[in-house]
Structure formats: structure tokens, C-alpha cells
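Hi,

Here is the structure I promised to pass on. Please open it and keep it beside you while you read my notes below.

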Amino acid sequence: MTIAESLQARQKAAVAPGVGTRAIFADRAENAELWDVDGKRYIDFASGIAVNNTGHRHPKVMQAVQEQALRFTHTCFHVAPYEGYVRLAERLNAIAPTGAENRTMLVSTGAEAVENAVKIARAYTKRSGIIAFSGAFHGRTMLGMALTGKVAPYKKNFGPFPAEIYHAPFPNDYLGLSVDQAIEGLERLFTSDVDPERIAAFIIEPVQGEGGFNVAPKEFLVRLREIADRHGILMIADEVQAGMARTGKMFGFEHSGVKPDLVTMAKGLAGGFPLSAVTGRAEVMSAAHPGGLGGTYGGNPLAVAAANAVLDVIEEEKLCERAAKVGARMTARLTALAERQGMERIGDVRGLGAMVAFELVEDRQSKKAAPEITGRIVAEAEQRGLILLSCGTRANVVRLLAPLTIGEDTLEEGLDILEASIEAAFSAVA
């Protein structure tokens, strides 16, 4: 029995089965590589689900955390605040794309950031309704699940969910849902389900994560902003997965030029340490009364130190530009592969920056989802030493989220493994 097999048995006896995992038990990791407890090397095209944008254990991040650990690890910001939190808030205020003077609050997880953004929006507008979108993912808390537009596995068996949450269509050109149709769906929602004067905010991902890496068209975001302004509705940009240089800009919304009122961020913010933030227009962020926001662990000193180092690394190593290059290389390889004979099950290649995905179908005419083939590709890649993730409301999308610091040789090796894995999966079902 391998060490991993032994750990799997222990996990089965000790951990709730609802906490779904893979069979890779990590021992150590460096930049874009990970070694398991049996010494097997993997190239990491998952980055802990878009967390390690600066790679595993970036030296500057580790140094910042070590230095902070020598001073103190926790005080609770409400009890004894510290300069690192204030400095990070200043920096996020300066870069968040609202086009206005900003304020920031820090918590620990993406779901917490989303929940606090909703609280702030409701406090500011004195309204209670929130509109999210089909295919969205906003967390696993009760409110997060209510906002999420994907049932399995996130919402199944866990209801009822909080009230006054509505879902509008998200445009999907590949599956034939245009921007016009999505806007028409939103207008129908206002006609049949909820008065727009009851809506506090739209919450939307610039690139849907769990939904399948569907990119929000610029036209859609522009028109959504116009509708929001017409009815006094706020826009919350959920940048939890798309933010922190992942798409080739610091925030995914920047590609559209549309300015949100509130921005939620987490994942890549602190280079592997649990930290999230809500940054937004000062007027909006000031609506919540003192004591109404925060939490015991919100803005943990170690995570804050890591985040300040991450912002330094993004700037110094030009990771926005690097994300664009990594994404272009991934897209080029996948597009070339899809054009080869016998690769007709690759129905679509899409993404923004280094947030790249491809959709698997039974055939390109019907576009019928092929989740079994998707799972086989992920499994084949794992056997060959490449970590991949699937996603999509139809469970038929493979997403690529390599660290932005990945070396050229490692990137090419990973893409070679990916290509071999796709070929093997297709051959098995031919």
C-alpha cells in the first residue's frame, strides 16, 4: 500500500464524505510544481483553484509571512488594529476599478466577501433584492448558495435558501444565448418577478468560474451598468476567481471599462493564505454602521502580510503581462489541437488572459455535453502528472489555471501532457 492509499483510508474514516477531494496528497510544492507523499511530481494547472497566482511558496510572500510571524499572529483588528491592514486597504483602494474614492474591509473567504458586499449594498440602498446570474458561483454559505446559479453539487439537498435572491440569464454565445436575449430575460424578471425598485444590487463575475469560464461580453456589462444606473441599482463585481492579474489585468472588469460600485476579491489576493476583501465607493462602503462589518479572523496579520507581498510581486514581475502571454500560449495550443482531425469533441476554446478553458461535447453539431470524456481527461492527466480541474453547469469543461509565475519549460511540459491526455481520452471512447 502506498502512503497515499493509506491516507485515503484514514480520510474515509475521519473526514465527512461531503468534503470531496482528489487522491493527490500533497507533501511539498514550489512555484508550479507539486510533489505528493509518495514522491510523484505534478505540474499544477489548478493553483489551488486560482489561489496561487504567484506560485506555490513565492519567496517574497514567504519572507513577509515569516517576518510578521515574529511580531504577532493575531490580535483581532477590532481589538488592536495594525498597520499592515491599513496599508493593504490603501493599496486596494487605489487599484479597485470603481472610478471613485474607495474604502476597504477585510475578511477571510470569498463567500464572506460576497456576503458583506450584499450587506453593504442593502444598507446603502435600503433595498433587499439581489440579482445574480445563471451559471454563477458565489460561495457555499446559505446566501452564497442562494446566489449561485448551479445546482449540483453546491445547492443540492441544502435548501431552503434566503429570500429575495433572483437569477437572470447570463449570455452564452456558444450555446446560442445572445446579449440581447439575456437583457430581455432580465427585463422579463422585472416584469414578472420583482420590481427593479426593490433590487439593491446585481452581482456578476466578469468570467464565470464554476459556471464554465464563460466571459461576460463587454456589451452585456455596459448595458447592465446602464440598467443599474436607471433604477438606482448597485453593481457588485465578483472578482474572487478572475482578480489579481489572472485575466491579464488586475481585475477582470477592467477589460470592459465598466466601473462597478463594489468589488469582492479573495483567492489570489494572499498567495495561499486565507484573505478576502470588499472594496468599493467610499459613499457606499460607509453605509454600514460601525461594528456591523468584520469578524474575529478578518484581515489576519499573516495573510495581510502575504497580500502586501503579492501586490509587490504582481507589479515587480509584471504578472498581468505574463498572464496574457501564458493564456495566449494555452489558447493557441488548444485551438490547434481542436482543429486536428479526430478532435471534434473539443467544442469550444475560450477564456480571458490565463483563465482558459475548453468545452467537451459529443459532437459539434448537437453540442451535447460530454461530462464522461471530461472526467476521463482529468483522470488521464493526473496519471501523467498534471493537475487539472473541471467545471461548467453541464460538467463538461476543463479549466486551466496555472500559476502566472510558471516557467516556459514547465508550461510547455504541462501542455504536452494535456495534449497526450486528451488524445488518450478520445481514443478510449472512439
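At roughly what angle do the axes of helix 11 (residues 319-338) and helix 13 cross? They cross at roughly 25 degrees and come within 11 Å. Bear in mind that this is a predicted model.

Angles under 35 degrees count as roughly parallel, so helix 11 and helix 13 are roughly parallel to each other. Their crossing is right-handed. On the helix 11 side, the contact is made by Arg322, Val326, Arg329, Met330, Arg333, Leu334 and Leu337. Helix 13 brings Glu408, Leu411, Glu412, Leu415, Asp416, Leu418, Glu419 and Ile422. By class, that contact has 8 nonpolar, no polar and 7 charged residues.

Next, helix 12 (residues 371-384) and helix 13 (residues 408-428). Their axes come within 8 Å and cross at roughly 130 degrees. Helix 12 and helix 13 are therefore oblique to each other. This crossing is right-handed. Helix 12 contributes Ile373, Arg376, Ile377, Glu380, Ala381 and Arg384 to the contact. Residues from helix 13 include Ile417, Ala420, Ile422 and Phe426. The contact of helix 12 with helix 13 divides into 10 nonpolar, 1 polar and 3 charged residues.

Is Arg225 buried or exposed? Its relative accessible area is 14%, so Arg225 is buried. The Arg225 side chain makes a polar contact with the side chain of Asp261, at 3.0 Å. Leaving out residues up to four places away in sequence, Arg225 touches Ile233, Met235, Val258, Lys259, Pro260 and Asp261.

Best wishes

Definitions and conventions. Residues numbered from 1 in each chain as written. Predicted model: local features only at pLDDT ≥ 70, side-chain atom pairs only at ≥ 80, totals over all residues. Heavy atoms only, no water. Axes fitted to C-alpha atoms, helices over the stretch in contact; angles between N-to-C directions. Helix = DSSP H or I, 4+ residues; strand = E, 2+ residues; numbered from the N terminus. Parallel < 35°, antiparallel > 145°, perpendicular 65-115°, else oblique. Left-handed = near helix turned anticlockwise from the far one by under 90°. Contact = heavy atoms within 4.5 Å. Nonpolar A, V, L, I, M, F, W, Y, C, P; charged D, E, K, R; others polar. Buried < 20%, exposed > 50% of the residue type's maximum accessible area, 1.4 Å probe, protein only. Polar contact = N/O pair within 3.5 Å; in protein donor to acceptor, adjacent residues only side chain to side chain.
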